[in-house]
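Thanks for coming. I will take a few minutes to walk through one structure, and I will start with its cross-links.

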Amino acid sequence: SAYPRPRATAAAAAQLETRCGWLSNPTPANVWLYDKDGEWTIGVQGGYQLESDWDWPEFKRGQWVETNGSHGYGCACMRLRVDKESGHVLEIESTRARPLSACRKDRALNKWKGKL
């Protein structure tokens with residue numbers, strides 16, 4: 001054809017993957033997932049926000065640490081797509097809460113203690 005085909009961007013080509021780590025929600029509209037590979041932005045107040053709705057993990061008693069009213073952090077696994085260049089989460093397919101001990105025992109997550 002006479003028209004060039006649009007190229008798939010790296011973000012569009014990103015595959016769904018499971019990432020586990022600290023899900024941090026320190027203040028309204030600010031949400032990150034910190035895993036062994038990095039800091040993944042789900043939402044920043046006044047900045048990037050994942051546009052699609054997604055289900056928050058169902059944290060049981062003792063699985064969510066409140067640091068600011070009901071805001072805080074917990075340990076979770078999320079099936080999602082990320083843009084590795086920007087660090088933005090593009091889509092969240094599913095989430096599941098994990099015991100805090102699962103993240104606390106993971107040495108690869110120790111570097112995030114100051115962010116929680």
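This is a predicted model: local features need pLDDT of at least 70, side-chain atom pairs count only at pLDDT 80 or more; totals for chains, interfaces and linings use all residues.

How many disulfides does a search of the whole structure find? It finds two. The other one is formed by Cys 20 and Cys 77, with their sulfur atoms 1.9 Å apart. This link is right-handed, with 105 degrees about the S-S bond. Cys 20 lies in strand β1 and Cys 77 in strand β5, so the pair ties together parts 57 residues apart in sequence. Cys 20 counts as partly exposed because its relative accessibility is 28%, whereas Cys 77, at 3%, counts as buried. If you number the bonded cysteines in sequence order, the pairing reads 1-3, 2-4.

Now the overall layout. The protein has two helices and six strands. Along the sequence the pattern is α-β-β-β-β-β-β-α. Of the 116 residues, 38% are buried. Among contacts with a separation of 6 or more, 57% are between residues 24 or more positions apart. The protein exposes about 7500 Å², and carbon and sulfur atoms supply 47% of that.

Next, charges. Side chains of opposite charge can pair when their charged atoms come close. The count here is eight salt bridges, and I will go through some of them.

Which residue does Asp 35 form a salt bridge with? The partner is Arg 19, and the closest N and O atoms are 2.6 Å apart. Asp 35 sits in strand β2, residues 30-35, and Arg 19 in strand β1, residues 17-27, so to speak of positions, they are 16 residues apart. Both Asp 35 and Arg 19 are buried.

Arg 19 also forms a salt bridge with Asp 37, where the closest N and O atoms are 2.8 Å apart. Asp 37 is in the loop between β2 and β3, 18 residues from Arg 19. Asp 37 counts as partly exposed because its relative accessibility is 46%. Arg 19, at 5%, counts as buried.

These residues belong to a network of salt bridges that links Glu 17, Arg 19, Asp 35, Lys 36, Asp 37 and Lys 84.

Another salt bridge joins Glu 93 to Arg 79, with the closest N and O atoms 3.4 Å apart. Glu 93 is in strand β6, residues 88-98, and Arg 79 is in strand β5, residues 71-83, 14 residues apart. Glu 93 is partly exposed, with a relative accessible area of 48%, and Arg 79 counts as partly exposed at 31%.

Why does Arg 81 count as buried? Its relative accessible area is 18%, and buried means under 20%. The side chain of Arg 81 makes a polar contact with the side chain of Glu 91, at 2.8 Å.

That is the end of my tour.

Conventions
Residues are numbered from 1 along each chain as its sequence is written. Side-chain values use heavy atoms; hydrogens and water are left out. Helices (H or I, at least four residues) and strands (E, at least two) are DSSP runs, numbered from the N terminus. Buried means under 20% relative accessible area, exposed over 50%, partly exposed in between (1.4 Å probe, protein chains only). Contact means heavy atoms within 4.5 Å. Accessible areas come from the Shrake-Rupley method with a 1.4 Å probe; for residues, only the protein chains shown count as cover. A salt bridge is a side-chain nitrogen of Lys or Arg within 4 Å of a carboxyl oxygen of Asp or Glu. A polar contact is a pair of N or O atoms within 3.5 Å; within protein, one must be able to donate a hydrogen and the other to accept it, and residues adjacent in sequence count only if both atoms are side-chain atoms. A disulfide is a pair of cysteine sulfur atoms within 2.5 Å.
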